[in-house]
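Trainee: I have a new model on my screen. Can we go through the terms one by one?
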Amino acid sequence: MDCKTYKSVLKLDKGTACTAWNYCGQRLAAGTVDGTLAVFDSTDHASSSFRCSSRVKVHKAGILKVVWVPPEYGDAVACIFYDGGFSIWEEAGEDSHSVQWKLCEFFNRGSSKVLDIQFGVSPTSLKMVSTYSDGYIQVYELSNPLELKNWQLQAEFQNVIDSISTFRKASCLSASISWNPMRGGQELSFIMGFNSDTPQLNSSKVWEFDGAHQRWLPVAELALPEERGDRVYSAAWAPNIGRPYELIAVATERGIAIWHIGLNPDLDGRLPMERVALLSGHEGEVWQMEWDMSGMTLATTGSDGVVRFWQSNSNGVWQGQATFVHTS
Amino acid sequence: MPETAPAGGEVVPMSSGHGQPLAPRLSICWSRGNSLRVSLFSLASFEDEAGGEVVEVKLCDGGDGEISNAQWRTIAYDSVSPFAMLQNRRNSMSSFSNINPSPYHLECWEYMMDYSKDINVLLGNKKSSVDSLIEDPDIFLKKTEEPTCLKAAWELMEMFYVNKLSQAWLPERIVDWLADYDRLFAALHGTVHMKVMNFQNVHNDIEVYEDDLRYWDVIESALAVGWLEIAVKMLRRHGSYQLDQLSNRETENGLVEAVALLISKMPRMRSELEPGRLGECYKAKPDFIKAWDKWRGQITKLDSCAFWIQCHHGQTREGLKKLLQILLGNTNSLLAATTNWLELCVSHLIYIRPFTVGLESMYNLAQNCIQLKPMSSPHKLMNIIIGILGENTEVVLAECSKEFGPWMVAHAIELLTVGSNEAESLLHEERYNLGEISLEELHRLAYAQVLSSHALTWQIAPVYLSSCMKHGMGLLEILLYKQPVQLKELLLKNLEICRLYDLDDCSSNIMKMAGVYHWKHGRKGSGIYWLQQARDEFRLNKIAQQLFASVGKSISDESFKQWEGLIGLLDSESNAAGGFEFLHKYRDFKRSLQQIGDGKNDIAAQKAIDSLMLLMRNTSTPQRFWLPLLNDSLKLLNWQHRPLLSVSNTNLLLNKLQELSSARLHPGFVKPDLPAEALNSVRLALATNLGRAILEE
Amino acid sequence: MAVRPLSRPVEIYKHPLHKYVDAVRWLPPISALDRHAVLALFDSDCGSSSVEIHSFLNPKTDASSTSAMLTALTTWNPPSRVSSLKTTLIGHRPFIAVSTADGSVYLVSAHDAHTLVEIGAVHEVHACPVSCIDLLEGGSECVSVGEDGKVNLVSFGSSTVTNTLFFDSNGLVSYSAAKWASPNEFATGGLDFGLQWWDRRKPGSPVSQFKCNWAQGRASGIIHSIDIHPSRKHTCLAGGSLGTIFAWDLRWQHEPIIFSESRIGVGSKHSVSESEVWEVQCVCDGRSTSTSNFSSSSRMLPIMMCSEDGILAVLEQGMNLLVISDSQMSSSRNVFHFWFYIFFRKLMAVFAFPIYSCKRTENTSSVNSQFRPKVCSCLQ
């Protein structure tokens with residue numbers, strides 16, 4: 001497949017370290033190493049030219065990652081900073097003229113740094129999962145859908161299947177969270193994996209909210225028994241538009257694993273799962289994986305600076321479809 | 001704790017210590033459909049002015065640029081109607097066929113043919129390069145617009161898969177097809193078309209045609225692929241036709257004319273022959289065989305006649321003899337006259353095996369021809385032909401997909417399944433690995449995704465998605481969620497699509513998104529409107545609670561106006577919750593309080609006190625507002641002119657105050673945000689009022 | 001809904017433009033023989049918008065040469081996408097008011113059909129795209145409204161353009177349509193099928209308000225277009241969501257006269273369309289109706305409408321309906337269409353970029369009518 005057709009969409013500010021597109025691809029939030037959040041807006045939905053609509057200094061430390069809040073909760077982003085804290089900023093105003101980016105809430109967990117944040121939408125509330133360098137996962141819930149200020153800590157746990165053991169000395173370099181992207185009635189769930197020195201924490205686990213007991217349960221561990229200690233660099237849950245199974249990609253040092261996860265748990269509460277492919281092609285770690293809207297194509301990128309596209313053929317065999325290398 | 005993670009801002013955990021230091025860091029995000037946006041950071045060279053950029057990468061553009069993007073959009077829009085029409089007819093047909101299956105196939109062919117023709121028309125006008133050659137004697141081949149491979153491929157599939165009624169005349173149809181599209185093969189290999197064109201470009205420089213070898217060569221080639229009109233037209237340029245030479249070269253001219261006449265009398269088995277086309281048309285096989293034998297007899301007779309000896313012009317004699325060999329189907333002559341296997345194959349169909357029927361025999365013929373004229377890199381159309389002749393649906397599909405992109409596959413699949421059980425089961429079988437969808441659905445989904453990639457075409461994607469029984473609606477919902485809600489026209493279009501496909505949840509979520517967007521961006525009216533449309537009681541109640549927050553607080557005129565306006569907006573019969581009722585009463589109370597002004601208007605004051613009593617009597621008034629309300633009314637309770645409250649009303653209020661005092665002892669009591677002496681002032685005022693009221697009564 | 005056949009066939013000409021057509025109006029004739037259209041176009045490939053004057057040649061008998069029907073004469077480029085466009089004639093000079101997506105209003109004058117000159121502009125008078133502008137007929141004033149709740153009066157002289165903020169709802173009310181009734185009065189419309197009547201001599205609040213207090217089962221929606229007939233200034237004609245078209249008589253404020261509406265559960269039985277009605281206009285003479293006694297105020301004038309789902313129709317009170325477009329439009333063949341309708345000898349222009357819709361329905365009898373391109377504007 002041909003990937004040579006590309007065009008430049010916008011120029012980023014000097015020192016930009018991370019970017020994130022909003023739900024409709026009309027806004028880009030970009031964070032710089034000096035702690036400035038720049039927002040680029042498309043001039044028209046039908047054209048692909050963008051201009052910067054706002055630049056706000058949001059923190060003294062640099063911005064490591066930007067994550068958009070789901071659109072049902074306004075135009076807002078969470079910024080993760082180099083110094084380990086994160087904050088939520090929102091574009092709002094009492095009238096049309098006073099609209100500007102404002103700080104809603106700042107989070108700091110002391111000595112443990114936040115590594116990743118992701119938002120999950122349930123029919124009634126917004127949930128936020130944050131993971132920390134000490135191997136802990138926190139789940140927050142927004143109490144008022146119109147105010148991004150009041151977050152209630154709903155749960156705190158480590159990324160281990162057996163809940164008895166805790167690892168106090170864990171040191172995690174990076175973490176990867178991916179919510180089950182489907183809206184609708186079923187229970188909320190997400191997948192989470194660590195890149196740490198504690199093997200038990202690393203493997204990616206599917207966490208599901210048990211509404212009856214108000215707790216989060218690990219329902220699947222996406223790693224072969226001998227590979228459970230592998231550091232996880234990235235995980236991505238594919239949108240399910242009607243498949244009888246969920247599709248999840250997990251990147252470790254061995255490559256990109258594609259998993260099929262059954263929809264219904266077996267007798268001991270675990271979801272049936274099968275690794276259908278282990279893809280290699282990237283040199284070095286895979287930092288980011290993104291499923292397209294149908295879950296048919298997986299785009300990945302990593303330290304080799306190459307974007308790769310993966311698809312399954314009609315026989316269910318996953319293979320690389322195309323690559324993109326930027327040459328300037 | 002995390003000792004290994006260094007403090008400070010100098011290390012980026014995601015990339016620290018990994019990879020080559022100079023490799024640009026990337027970030028990726030899917031945009032519309034199948035375009036991916038890649039952010040390229042240039043952190044490594046921080047001294048540079050540039051801070052990196054974002055590029056958009058299209059995963060698949062479909063085709064090789066033969067057709068421009070704007071043309072693809074035109075094709076995309078125009079094919080919506082035929083496609084939807086076909087789906088509708090098929091749906092109504094399949095419900096009908098349960099009762100009476102016999103008319104199914106005939107009618108099925110009919111509407112498939114309609115569909116195929118509709119698509120064929122929108123791919124461009126058919127401009128045959130063979131017809132209307134009569135006008136200009138110097139032009140053998142008209143310079144027409146370049147045909148497209150896309151149309152050529154579509155016509156091939158139509159010919160082999162759909163147009164079953166003319167299967168008997170298939171060889172002649174292939175001849176016609178090649179006449180239309182032979183030039184497309186010029187890029188890779190020589191073609192007869194190219195030969196003719198080349199000759200046409202130079203023929204004015206040639207003084208004596210028949211002396212030039214190229215002249216005979218071109219006629220041979222044109223004849224070999226069945227372009228009788230060109231062959232005859234060129235023959236008539238033979239020098240012996242010139243008046244001054246006619247007498248000297250009578251026999252020679254006679255031979256030329258005899259060959260030309262034989263060519264133009266060639267029997268052809270086909271349904272019709274357009275005016276200006278040469279040959280004699282036979283619809284039925286027995287008639288054709290009779291004519292064919294007779295015609296061949298005439299050629300043989302001419303070939304062996306004595307006149308050839310009298311023909312003194314060597315080249316003419318040789319040339320005409322070669323033409324006769326072609327007409328007689330001499331394999332070596334045909335091989336020499338044609339430039340690629342497809343042309344050779346066509347020449348065989350014309351002169352050696354005009355009765356070829358069935359794909360298998362054609363496939364064998366094609367394989368023979370390929371062996372005789374092998375090719376290093378076959379043309380895409382040739383691959384499709386081989387796929388069709390070999391009855392290999394997968395190959396055809398793969399070639400269509402590779403060469404023409406998702407539009408072609410999504411639309412051509414309809415053709416492939418006509419009357420073929422193998423293809424039907426291949427394309428309609430649900431595969432677990434694909435998520436329990438069929439190949440047909442997969443390709444429709446892929447095409448819909450391509451449509452979603454562009455702002456101008458996303459809105460036709462629902463038509464294709466609605467034909468996907470299993471995954472279509474799921475993808476449609478995602479597509480709709482990805483449309484921006486801030487643009488009114490787009491939002492309304494989005495909601496209309498939801499309405500048409502009964503996606504009520506999706507619709508209400510989108511309205512929620514729009515409502516929050518407007519609410520947060522200072523357009524409270526629009527915000528509330530969309531939240532009401534979404535029936536989002538949860539958020540509306542939160543808004544109402546925000547309004548409660550200003551109960552009992554002194555607010556400026558301007559913000560009271562805003563507050564009052566918001567309550568007005570929340571006024572809706574669907575929101576008959578108690579909270580709203582209270583807010584409305586409170587608004588009336590607040591309004592009349594404001595109307596009192598300087599404190600001398602008795603009527604307004606009485607109105608205000610009535611509103612207060614309404615509020616205090618009403619059970620929907622939250623207890624926590626009792627004191628703020630009374631505190632607000634201090635001015636009324638201490639009214640100068642006369643006591644405004646009756647004895648019974650004053651007692652009621654005093655009771656409420658008592659109730660409040662005892663409630664204070666309960667845990668969970670919300671202490672109003674009022675000065676500490678408020679309670680005492682109210683109690684005092686009420687007591688005073690009670691005294692005055694008793695006196696008055 | 002009763003559909004009357006047309007006494008004369010409608011002639012439809014299509015003119016494909018490979019751009020979005022954002023607005024179209026007739027340019028008031030400079031001389032008696034001229035016929036020019038003003039088009040606001042948006043080219044999504046390069047992201048540029050333009051306002052163009054096109055000459056319109058009546059193809060008469062030679063209908064085969066429809067491609068040469070529209071010829072661009074001159075172009076003026078607004079910096080942002082056009083959201084609304086109106087024309088008027090002052091003196092003998094045509095003026096064009098253009099509002100844009102960035103909240104600005106531009107005044108452009110056409111010296112002749114070949115020259116467009118920008119007189120001036122008021123920039124970003126709205127904090128969001130201008131929803132609608134209306135030019136006072138023959139006067140030098142323009143009302144602009146937006147979703148931000150602002151009502152601006154833009155006045156222009158020979159070389160200056162000034163703006164007065166007439167009212168600001170601070171976002172509590174959003175406006176999506178505006179129409180002058182007289183030099184001092186105008187009407188606006190917006191959410192919840194709400195209409196407001198304003199008198200510039202009484203600023204501060206609307207003189208009169210109409211909020212469609214629909215009875216049970218009637219859905220709410222947005223007004224997209226208002227028209228007021230010059231001879232009946234007390235009646236405000238409005239069209240909007242869900243195929244709703246109604247008239248609001250200032251003298252009988254409580255009850256609207258309904259031309260077309262969708263009811264929940266009843267569907268489109270009373271409705272010419274179920275979709276967004278983008279424009280409504282009073283038909284200015286009695287050519288299309290048998291009940292042409294317009295001096296009697298008991299009957300409404302016939303009205304013309306166009307909608308998202310591709311319907312162009314003339315309606316009369318009592319649900320007599322003449323659908324003009326329907327099948328003709330469904331057979332359209334190009335990505336961007338521009339139609340001119342010749343309707344009872346008078347010209348009416350309709351533009352559209354096709355937004356197709358398809359109903360997933362078991363009733364497959366009228367497949368064609370499900371694929372109608374959007375009609376965004378109609379004018380006489």
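Mentor: Start with domain 2 and domain 3 of chain B: their C-alpha centres lie 104 Å apart. The domain bounds come from an automatic or database domain assignment. Domain 2 covers 138–148 + 166–358, and domain 3 covers 536–696. This is a predicted model, where local features need pLDDT of at least 70 and side-chain atom pairs pLDDT 80 or more, while totals for chains, interfaces and linings use all residues. Residues are numbered from 1 along each chain, chains are lettered from A and ligands numbered from 1 in the order written, and side-chain values use heavy atoms, without hydrogens and water.

Trainee: Why is the pair of A:Phe157 and A:Trp207 called tilted?
Mentor: Rings of Phe, Tyr and Trp (its six-membered ring) pair if their centres lie within 6.5 Å; planes under 30 degrees apart are stacked, over 60 edge-to-face, the rest tilted. Here the centres are 4.3 Å apart and the planes at 40°, so the pair is tilted.

Trainee: Are A:Phe157 and A:Trp207 buried or exposed?
Mentor: Both are buried. That means under 20% relative accessible area; exposed is over 50%, partly exposed in between (1.4 Å probe, protein chains only).

Trainee: What makes A:Arg109 sit over the ring of A:Tyr132?
Mentor: The rule asks for NZ of Lys or CZ of Arg within 6 Å of the ring centre and within 35 degrees of the ring normal. The charged end of A:Arg109 is 4.5 Å from the centre of that ring.

Trainee: Which residue lies over the face of A:Trp21?
Mentor: B:Arg37, at 4.1 Å from the ring centre.
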